[in-house]
Every structure is written in C-alpha cells, then in structure tokens.
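Thanks, everyone. Please bring up the model, and I'll walk you through it.

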Amino acid sequence: MAGGKAERHGDHVSWFRQPGVLAALPVSLFLLVGFAGPLLMVIGYSFMPPRTFSLDQAPTLANYVSVVTDSYYLSFVWSLWLAVVTVVLLFLICYPIAYGMAKLFGRWANLVTAAVAIPILISENIRLFGWVLILLKNGIFDGTMQTLFGVSVSGLLYTVPAIIFGLVYVYLPFMLFPLVIGITMIPDALKEAASDLGASRWQIFREVELPLAMPGIMIGGILTFILVLGSLAESKILGGQVIVMISDDIESAFTFAQNWPKGSVLSVLLLALSGLIVFVLFRRIDLDRIIGRR
Amino acid sequence: MELSASQRLTRTIIVIWTCVVIFFLYVPMAAIILASFSKQRYFRFPISTWTTEWYTKTLESLSVRDLLWTSLSVALLVTLFSVLLAFFGALAFARYEWKGRKLYQRLVLLPIFFPQAVLGLALLLWFSAIGVTTSWQTAVFAHMIWIVPIVVLIMSIQVYSFDPALEEAAFDLGASRWQVLREITLPILSPGIISGGIFAFLLSWGNFPLSLFSTGADQTVPEWLYAKMVSGYTPQVPTLGSLTMSGATVFLIVVYIAWLALTARSRRMRGRAAAE
C-alpha cells in the first residue's frame, strides 16, 4: 500500500478490499438471507403465545413450559437414545472397513469409496422403501423363509430395531469417510515402534490408534449423531407408528396441529442441542488440517 | 513387509466384512428392481407373474412426466446456482488468507449439520412471512441452503491443492484479472467444479425433507414416492424408483466417461507440449 494515509484510514476499508472477503461475500449474503433469517424467525416464534401466526404478540415462555408438561420430551428421549445406539453400532461396523481402506486395500480403496458413496446419490426414500419390500409380511425375506424352510418371519417391519437398522443403513457413509480420514492420519511407524516396544495389539489400538484417529472419530460420531437426531424418514417408513421421533413432532406441530410456536420451541431445542455439539466439535478441530491435509 | 499369519487372518476378515457391508448397501436397490417387474397389485414374494406393464403405464402417465420435469428443473437450477456461488465461496474458504476466515469456514458449514426437515419448516415460515408463495422455484432456494455449503466443501478440497504462485506468475506476465480466472484458475480447479456440480445435481434430485416443505402445490419425485409409500402400496412406486435409480446411474456413467475422455485429452496435450 502506498503511503501511510490509506492504512490510517482504518483496517475497515482495507479489510473489505481483500480478495478473500470479496469472494466470501456472495455465499455469506445468501446464507444470511436463507439461513440466518429463518433461524431467527423460528427463535422468535418460540416465544409467541400458542397457536398464533404473527410475531407481534407479547413474548411468553408458555411453549417452553408445555414441552415438559405435555410430555413432548418423550420424543427427545427416543431420538437421543436412537442416536446413541446408531452411533455406537456405526462405529463398530465402520472401523474395520475404514482401517482396511486407509491401510490395507491400496488401490482398491477407491473402488470401495465409490461403492459406498454411490447409494448416497439415490434418494433415501427409495432405499428405505427397498427395505420395506424386504422386511414386509410376505416380502422378500419372509417369502424366502417360507418357501425354503416353511417358517414365517413376519413381525420385522414397524419395530424399533427396524428403525435402528434403517438409520445405520442410511448414515453409514457419514461415519465411514471421516473414520478413513482419521485413520489415514496415523503414521505406521508409530504402531511399529509400539509393537517393537512390546505393546499388545489391544494396547496399540487403545494407546496409539484411537487417540491419533480421534479427530476423524469425533467428526464421524458427531455428524451421524446429529443426522439421526434430525431424521424423519426412517422412523416413518420403517417404523410406522411404533415411536415418534423429534422431527416427527416438529412436523406435526407445524402442519396438522397448525401450532407454529409449539413447532418452533421443539425446533429451537433440537437446534440448541445439535448446535452445542457442533460448537464443541469445531472448537477442538482444525478444518484446514483435516480437509486440506496441510 | 512380511505379513504374519494372524495379520493375514485379520486382513481376510476385514475384506470379507467390507464385501458384506457393501452387499447390504445395494440389497434394497435390487429389491425395488425386482418388485417393479411383479404383476400383482400388492407385493408378494416369491413373484408369481412377471410383467413390464408398470413401466409402460408409468412412462405414459402425464402426472409422472410432470414429476420428472419438476425434479429435473429444480436439480438443474440448483446445480447452476450452487456451482456459481460455491466457486467463490471455496476460494474464500481455502485459497485466500484473510481475517475472519476461520469463523467463515465454520459458519458456512453450519447448514450441513442442520436437520433438513427443520430447515425446510423454518424456510416455510420464512417464505410465508415475506409473502412468497411456495412452488418449485422456492424449492430451488431451499435446496441451495443445504447444497451450497456441501459444494463449497467439495470444491475447497481441490482449492487447497491449488498453487497460488501460478496466478501470481500470470499477473506478473501481464495477464488481466479476467484472463487469469479463465486461463489459470478455472482450468486447474475444473475437477473440483465438476464433482461439486455432480453432487449438487444428484443431492437435489434425491432430496426429500427440504422439498416436502418448500414446493407448495408442485411435487418432486421423492415427495410423490413418499406420499404413495405412506398411504399404501402401488406398483408405480418401485417402477418410478427403478427409473430414477437408472437415471442416476446413466448420469454417473456418462459423467465418468466424459471425465476419462477429458483426462486422456489433457494428458495427450501435455505429452505434446513436452515433446515440443
């Protein structure tokens, strides 16, 4: 910059002239209008009296109280419980595969990546419907068992395990890929050193692999946890009416019940919970290092 | 490195486990294709009579054509706008150093972590508050809130490996800003732009939770499928499901072949340049 005059003008002007700031502007404005705006409005509605459709009433906490008194917290408990179970199962299922992709498969790892990624691109509804056809009474699994063994297994669909199965199925890639990134970050030399020093396999896993792969594990775990918390289709398509998850409650509050403030309160609570978890994650993780591998 | 017997066993187990899980990923697709060829109105297995009549019926149906057209229009517009916005978004994410970048990175990724159904409902409230009637055009906007951040993320991976010195060299040689963008930045980042575009298209094409609340009177394919699934079985569900799956597969294959051709061409050109 020529001369001290422009600099003394304040950091403000020069900050806005930086190419990075200019490049960030379109997306930031877009998300301000399309994301921050609606979010603030939902927060606003959560303080409006029940069954009102405008934001100019006197603020009240009635909706927050009714979440507890009208036992809406039950769907929260179900969602949280299913999220915990799903994340644990996903970790156990994906860890060996991720380990294979990062350390064993070599060139084949790309093929596995493609094989796992392609189903994401097909609508979740369609894939879940495939499982309905399989698990249905007289469906593919039941029909096969009847023809081959004469045994009927008809009570599989519309159960809690069916929902968990669907959740594990749909969100598997979102656990697997972060785990692969995490495990790739473990230097082989470190494991060999531990092994030379007499560490057992389990010790190596617990003391070397797990801590070093932790950023990947945390991203995968938290991403899938939040996705399950907000999921809607799995419990509706595979679970029928057996349980109500939180997104279900939110949807019916906004649509059938026409109670926007109630729906807003549940949304705010769900978002606060997810937001808190993401916030904790982002504080502990350097995105440049994980995405850019710098 | 010599593998011990137990290491070889672990390896075999991991390979088998991976194959089993991948098999499970594709089982429901196979189930849908099977069901689409069954003649019965209500699905029963084993299938007694086979038919392709549901395909002719589905393809002839005008409402299905409307659905496909709506889904396609939404997905194409989402792809176009997302790629445009995310290109600059990714440069700000990974290319430039600026004060506030770390905060920007986190804020831009936030919508990805957001429950989509809640985002869709919040947008519904938002549209009604600012007096916009929902239709497939508002669905384009809604999809973009979720898809733009994903495309930013995908493109950023490419941008991280981009060497800024190339741009600076071009500037030093007297190129204008526009020339640098067209001759240097865009060609080098094109793989990231293309994969971002593919993701944008397919994620929009298959999206359900955002469409559900933002399309108003219009309907996309996933919405229609969901409505039919919940209200009762009709053979058109697996048929349209199979059709959209094959559509996505054809799309991926075409893109893959185009990509192979492009890389082969650039390799040839580079080879020629090296020979001269």
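In chain B, 76% of the contacts with a separation of 6 or more are between residues 24 or more positions apart. A contact here means two C-beta atoms, placed from the backbone, within 7 Å. Before I go on: this is a predicted model, where local features need pLDDT of at least 70, side-chain atom pairs count only at pLDDT 80 or more, and totals for chains, interfaces and linings use all residues. Residues are numbered from 1 along each chain as its sequence is written, and chains are lettered from A and ligands numbered from 1 in the order in which they are written.

Back to chain B. Its secondary structure is eleven helices and zero strands. Helices are DSSP runs of H or I with at least four residues, strands are runs of E with at least two, and both are numbered from the N terminus. What does the box around the C-alpha atoms of chain B come to? Roughly 70 × 70 × 40 Å, along the principal axes. The radius of gyration of chain B is 24 Å, well over the 19 Å that the globule rule gives for 276 residues, so chain B is more spread out than a compact globule. That radius is taken over C-alpha atoms, and the rule is 2.2 Å times the number of residues to the power 0.38. Of the 276 residues in chain B, 40% are buried. Buried means 20 or more other C-beta atoms within 10 Å of the residue's own; exposed means 12 or fewer; partly exposed is in between; C-beta atoms are again placed from the backbone.

Now the interface. 68 residues of chain B are in contact with 71 residues of chain A. Which helix of chain B gives the largest share of that side? Helix 1 of chain B, with 14 residues. By class, the chain B side has 54 nonpolar, eight polar and six charged residues. For the classes, Ala, Val, Leu, Ile, Met, Phe, Trp, Tyr, Cys and Pro are nonpolar, Asp, Glu, Lys and Arg are charged, and the others, Gly among them, are polar.

Axes are lines fitted to C-alpha atoms, for helices over the stretch in contact, with angles from 0 to 180 degrees between N-to-C directions. The crossing of helix 13 of chain A with helix 5 of chain B is left-handed. Left-handed means the near helix is turned anticlockwise from the far one by less than a right angle; clockwise is right-handed. From helix 13 of chain A, the contact uses A:Ser247, A:Ile250, A:Glu251 and A:Phe254; from helix 5 of chain B, it uses B:Ala117, B:Val118 and B:Leu121.

Is helix 13 of chain A largely enclosed or open? Eight of its nine residues are buried, so helix 13 of chain A is largely enclosed by the rest of the structure. Its cover includes helix 5, helix 11, helix 12 and helix 14 of chain A, together with helix 5 of chain B. Among the buried residues are A:Asp248, A:Asp249 and A:Glu251.

Follow the chain out of helix 13. A:Gln258 sits in the loop between helix 13 and helix 14 of chain A. A:Gln258 is exposed, with 12 C-beta neighbours inside 10 Å. Its phi is positive, about 50°, although A:Gln258 is not a glycine. Most residues other than glycine have a negative phi. A:Arg51 also has a positive phi, about 60°. A:Arg51 is in the loop between helix 3 and helix 4 of chain A, and is exposed, with 11 other C-beta atoms within 10 Å.

Next, helix 14 of chain A (residues 260–283). It packs on helix 3 of chain A (residues 19–45) at about 115°, with axes 7 Å apart. That crossing is left-handed. Helix 3 of chain A brings A:Val42, A:Ile43 and A:Tyr45, and the contact residues of helix 14 of chain A include A:Trp260 and A:Pro261. The count is six nonpolar, two polar and no charged residues.

Last stop, the loop between helix 2 and helix 3 of chain A, where A:Gln18 lies. Leaving out residues up to four places away in sequence, A:Gln18 touches B:Tyr96 and B:Trp98. A:Gln18 is partly exposed, with 17 other C-beta atoms within 10 Å.
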